[in-house]
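Here are some notes for a colleague who is opening this structure for the first time. They begin with the chain as a whole and then turn to its helices.

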Amino acid sequence: MKRNTVVLSVVLLLLAAFAWAGWANWEYRKQAAELRAAAVARGELVATSSDAPQFLSPLMNKPAPDFTLQDLSGKKVSLSSYKGKAVLINFWATWCAPCKIETPWIIDLRNQYAAQGFEVLGISADDLDLNDKQKLAEEKQQIAATVQQMHIPYPVLLNGDSLSQSYGGLDELPTSFFLDRNGTVVATQIGLTSKDELEGNIRKALGAGK
Amino acid sequence: MKTILATVFAACLAPVLVAQQQLPLFNDAPNRSLTRTNAVQYLFPEQVSVPAGKPSAVELHFRVAQGLHINSHTPRDSYLIPTALSIPTASGVRLENATYPPGEDFTLPLDPKTRLSVYTGEFVIQARIVAQRGNHLVEAQLRYQACDNNECMPPKSVTVPIDVIGK
């Protein structure tokens with residue numbers, strides 16, 4: 001009798017432990033899914049099954065929000081005027097050291113794929129003092145100097161901060177959005193990755209696959 | 001009997017331990033955003049007493065979040081944003097000058113030729129302040145720009161709250 005009680009207690013304990021482990025595992029998966037969903041909504045890096053974290057943007061597979069910004073010469077440039085071309089929207093800043101590593105790669109790839117209908121829009125996320133004419137002129141001059149120093153051949157637009165909300169925060173630079181010929185976001189990148197990864201995403205935007 | 005009980009106990013414990021192994025993800029995942037938003041944390045002091053009207057040295061301690069670096073006060077390139085301390089005027093306390101620690105050499109893995117001058121981990125700024133007589137809740141500002149090996153966050157200021165008592 002005593003032995004039966006012990007065995008029964010142990011079995012019950014075992015079942016309880018398994019039940020708790022199952023519940024904990026379910027909770028873990030549920031919360032992980034919620035975190036992942038929250039990260040995606042904000043456009044963040046999330047861990048994937050591969051080693052490299054991946055930038056999941058809420059804009060993925062959606063039309064890129066249209067915008068009109070001024071370039072360094074004061075000319076207004078709209079994203080919509082690039083329809084029919086594959087476009088890389090590259091957010092960068094003069095104070096961003098990784099951006100300076102990435103830019104020469106983008107220039108090379110732009111020159112390589114331009115004939116296939118590919119263009120880059122560089123968008124500076126540098127702060128602009130829009131209410132202070134003198135400061136604004138100095139800030140524009142600093143951006144222009146960087147563009148000249150790096151021999152950037154594609155349009156560089158100003159006031160990228162104004163797109164922060166529509167493009168998912170832009171809390172980290174460089175950040176890139178790859179648009180196909182219809183203006184749909186087909187790939188996104190945050191941070192410095194590699195020239196190969198940039199090229200793969202450009203080819204994806206061109207519809208050439210990886 | 002004892003062996004059986006020990007085996008059963010171990011069998012009970014195993015799934016519990018496995019389940020607990022997974023728990024850190026609950027805490028780790030959201031921390032990345034938090035770290036990036038608050039790349040620099042002011043540590044101490046919260047309160048200082050200094051002779052009123054006389055320049056006094058105060059050591060301000062900060063910590064840069066793990067995995068990040070910020071430019072030193074004297075970055076090597078003019079395009080980089082230096083770390084700088086300021087005290088608002090009309091706070092009853094004036095910042096006469098600040099002595100910053102020298103930056104440590106740092107290179108990005110993908111650009112080993114370019115040396116950056118940065119702060120990582122804990123660093124101390126020696127501020128020389130002049131306080132008027134009385135109790136002043138000063139909200140100094142430390143402006144910085146943080147990056148990791150692959151990406152940079154926009155320049156930001158962290159508030160440095162110090163209760164300065166001028167005696």
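**Notes on chain A**

1. Of the 210 residues of chain A, 31% count as buried. Please keep in mind while reading that this is a predicted model. Among the contacts in chain A between residues at least 6 apart in sequence, 67% join residues that are at least 24 apart.

2. The secondary structure of chain A amounts to four helices and nine strands, and, followed along the sequence, these elements give the pattern α-β-β-β-β-β-α-β-α-β-β-β-α.

3. Helix α3(A), residues 133–149, has 17 residues that should span 24 Å at 1.5 Å a residue, and the distance between its end C-alpha atoms, 24 Å, agrees with this. Its buried residues are Ile143(A), Thr146(A) and Val147(A); seen down the axis of α3(A), they fall within an arc of 105°, and therefore line one face of the helix. An α-helix has 3.6 residues a turn, so residues three or four places apart point the same way.

4. What lies around α3(A)? The buried residues of α3(A) pack against β6 (118–124) and β7 (156–157) of chain A, whereas on the other side of the helix the exposed residues are Lys133(A), Gln134(A), Ala137(A), Glu138(A), Gln141(A), Gln148(A) and Gln149(A). Just after α3(A), His151(A) takes a positive phi of about 55°.

5. Helix α4(A) has 12 residues and reaches 16 Å from its first C-alpha to its last, which is close to the 16 Å expected at 1.5 Å a residue. The buried residues of α4(A) are Leu198(A), Asn201(A), Ile202(A) and Ala205(A), and they cover an arc of only 105° around the axis, which puts them on the same side of α4(A). What covers these buried residues includes α2 of chain A together with the strands β5 (86–92), β6, β8 (175–179) and β9 (185–190). Just after α4(A), Gly207(A) takes a positive phi of about 80°.

6. How do α2(A) and α4(A) cross, and at roughly what angle? The axes of helix α2 (residues 97–113) and helix α4 (residues 195–206) of chain A come within 10 Å and cross at roughly 35°, and the crossing is right-handed. The contact is made by Trp105(A), Ile106(A), Leu109(A) and Tyr113(A) of α2(A), and by Lys195(A), Leu198(A), Glu199(A), Ile202(A) and Leu206(A) of α4(A). The residues of this contact divide into seven nonpolar, no polar and two charged.

Definitions and conventions
Residues numbered from 1 in each chain as written. Chains lettered and ligands numbered in written order. Predicted model: local features only at pLDDT ≥ 70, side-chain atom pairs only at ≥ 80, totals over all residues. Axes fitted to C-alpha atoms, helices over the stretch in contact; angles between N-to-C directions. Helix = DSSP H or I, 4+ residues; strand = E, 2+ residues; numbered from the N terminus. Left-handed = near helix turned anticlockwise from the far one by under 90°. Contact = placed C-beta atoms within 7 Å. Nonpolar A, V, L, I, M, F, W, Y, C, P; charged D, E, K, R; others polar. Expected span 1.5 Å × (residues − 1). Buried ≥ 20, exposed ≤ 12 C-beta atoms within 10 Å, placed from the backbone. Arc of directions from axis to C-beta.
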